[in-house]
Amino acid sequence: MLKHIFPPLSLRGVGGEAFCLALSALTLVSCFSDDTTLGDRPLAEIVIDSTSVAEVYNINKNETLTVTPKFSQTNGGKTVTTTWEIDQKVYSNEPTLTFTGKELGSWNCRLILENEDGKTFYPFKLNVNSPYEEGITVLSADADGRPFISFMQKPIGNEQAMFYDYDCLEVNNPDMHFASMPADIVQSAGSLIIACQGKGMSGEDVPTLYYINEKTMVVENMLSVTEYDDFKPTILGIPSMDASGVAYPVMCENGKVYEFSTTEGALVKPTKLKYTYDQTMIVRDNGTGWNYELLTWDKEIGALVQIYNGYGPYYCSKNYHQTRATCTGTNNYFDGRTFCNMTLVRMTDAQSATADPQILVVVNNGMLVQKVVLSTSLWKYNFDTSETVLDDNGGTKIAMVGECPLTPTTPTIANMTYYSLLFAEGNKVRRWNYTTSQLLTAADVLQTVGSADAVITGFEMSADHKKTYVAFYEPTKSGKNGSLWVIDTDKGTVLEKYDNVFYRPVKMIYKKK
């Protein structure tokens with residue numbers, strides 16, 4: 001005789017064994033057999049406590065999920081066995097599920113509880129997500145000079161930002177030995193590309209470029225360079241979306257440039273930027289991989305150099321497509337149209353909430369330290385003269401006489417919301433309004449971070465420009481001596497502090513989703 005535990009659906013099997021299948025409001029499915037004499041013994045039905053098992057679990061990569069189901073039996077306590085299925089495969093028979101998300105994905109799962117009278121099923125979904133989707137990414141160097149990546153996840157709603165202060169590289173690449181002396185990190189075409197200088201040209205610690213999956217922090221490819229003795233990379237001139245067959249500049253410590261094809265994984269001597277350049281480079285693109293602009297500074301002749309969509313180099317002057325040979329400084333006056341025969345003080349990308357940011361260039365022209373603001377679109381077509389010339393909208397100047405506290409490598413960040421340039425001076429964040437005639441030496445101290453010995457090495461800014469992230473370290477301290485403070489860009493007040501979360505910060509970027 002068959003007794004219905006969850007009516008009305010029942011199935012009778014071969015050999016006198018009966019089953020019943022039903023889906024309860026808790027998505028439980030029970031199936032019990034009746035092997036009692038005359039069917040007069042009550043069955044021990046297993047009932048799972050719905051508060052102890054969820055229908056959907058979301059965990060991050062490398063996070064461990066623990067689930068201990070609670071259940072009861074309607075008639076007596078019989079021995080119960082447990083089976084956990086993940087992706088239609090038996091994962092464990094332990095009473096408690098312990099699962100570590102080693103890879104990203106989404107799986108259909110089941111909890112099966114069984115006694116001698118039958119089974120109860122509980123289906124659920126398990127999602128392993130990336131903890132590194134979007135947020136501040138800090139590349140630092142530990143005491144041995146090895147790269148260390150920290151990540152601060154973009155907060156959701158009013159939640160506090162989650163800062164992962166462990167080494168994302170080591171956690172996700174436990175058996176990998178990384179080259180030392182990290183220098184730069186960029187986000188491009190689904191990867192984070194890291195440049196490490198290494199300490200020599202032999203052995204394991206050689207100059208290396210790493211491709212790291214931006215969602216998992218797993219190394220997917222790498223290029224070790226031993227054929228060029230002077231290859232000590234400092235700046236990666238790579239746009240956010242790369243293109244097949246295009247080689248992008250990689251600047252080295254000596255100011256020389258090599259070209260790197262991200263799709264072919266090849267490094268070659270330069271075909272475009274063949275001279276010596278200051279340690280500054282601006283790379284901007286629209287996310288398509290082809291429309292991109294690159295600006296650097298020719299140190300030998302003192303001139304602003306542009307590569308546009310892979311073409312060039314062009315030297316910034318009134319006339320479009322000026323070559324290096326014609327950049328002689330014949331018209332060596334400072335009107336925003338020529339930069340020949342000048343010494344670069346600092347070049348900074350002024351971020352904008354729109355698609356038209358500016359380029360802030362501070363140069364030294366004899367006795368004067370002067371500033372030029374250039375729009376993103378450096379050139380415009382003049383229909384009256386049928387000539388392409390430098391955009392006058394970006395050609396303004398302010399002359400500043402006196403000492404200048406900036407160098408080509410001074411940590412800076414600028415924005416067009418407050419028209420301010422923030423720059424580092426030891427442990428001080430100073431603010432200069434670059435649309436006024438204010439002297440750089442008179443720039444306000446917006447905020448002071450850390451101790452008197454602290455050294456600021458980098459800035460980053462939120463998309464709305466309201467928050468500025470300040471990365472610094474304490475050179476007199478050992479261990480994790482690097483910290484990240486978040487300040488109000490306009491008022492300078494400290495909003496958040498993350499102390500001793502990494503080592504000496506080398507580069508900080510906002511990793512986009």
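A strand, as the word is used here, is a DSSP run of E of at least two residues, and strands are numbered from the N terminus. One such run in this predicted model is strand β28, which covers residues 343-351 and contains Thr348.

The protein chain as a whole holds 42 strands and one helix. It has 513 residues, and 51% of them count as buried.

Confidence comes next. The average pLDDT of the protein chain is 84, and 81% of the residues score at least 70. Residues 1-27 have a pLDDT below 50, and in the model this stretch has 58 contacts beyond near neighbours in sequence. The pLDDT is also below 50 over residues 331-337, a stretch with 23 contacts beyond near neighbours in sequence.

Now return to Thr348 in strand β28. Is this residue buried or exposed? The relative accessible area of Thr348 is 6%. Thr348 is classed as buried because this value of 6% falls under the 20% cut-off.

What does Thr348 touch, leaving aside residues up to four places away in sequence? Its partners are Ile282, Gln358, Ile359, Leu360, Thr412, Ile413, Ala414 and Leu421. With one of these, Thr412, there is also a polar contact: the side chains of Thr348 and Thr412 are joined at 3.0 Å.

Conventions
Residues numbered from 1 in each chain as written. Predicted model: local features only at pLDDT ≥ 70, side-chain atom pairs only at ≥ 80, totals over all residues. Heavy atoms only, no water. Helix = DSSP H or I, 4+ residues; strand = E, 2+ residues; numbered from the N terminus. Buried < 20%, exposed > 50% of the residue type's maximum accessible area, 1.4 Å probe, protein only. Polar contact = N/O pair within 3.5 Å; in protein donor to acceptor, adjacent residues only side chain to side chain. Contact = heavy atoms within 4.5 Å. pLDDT = per-residue confidence, 0-100.
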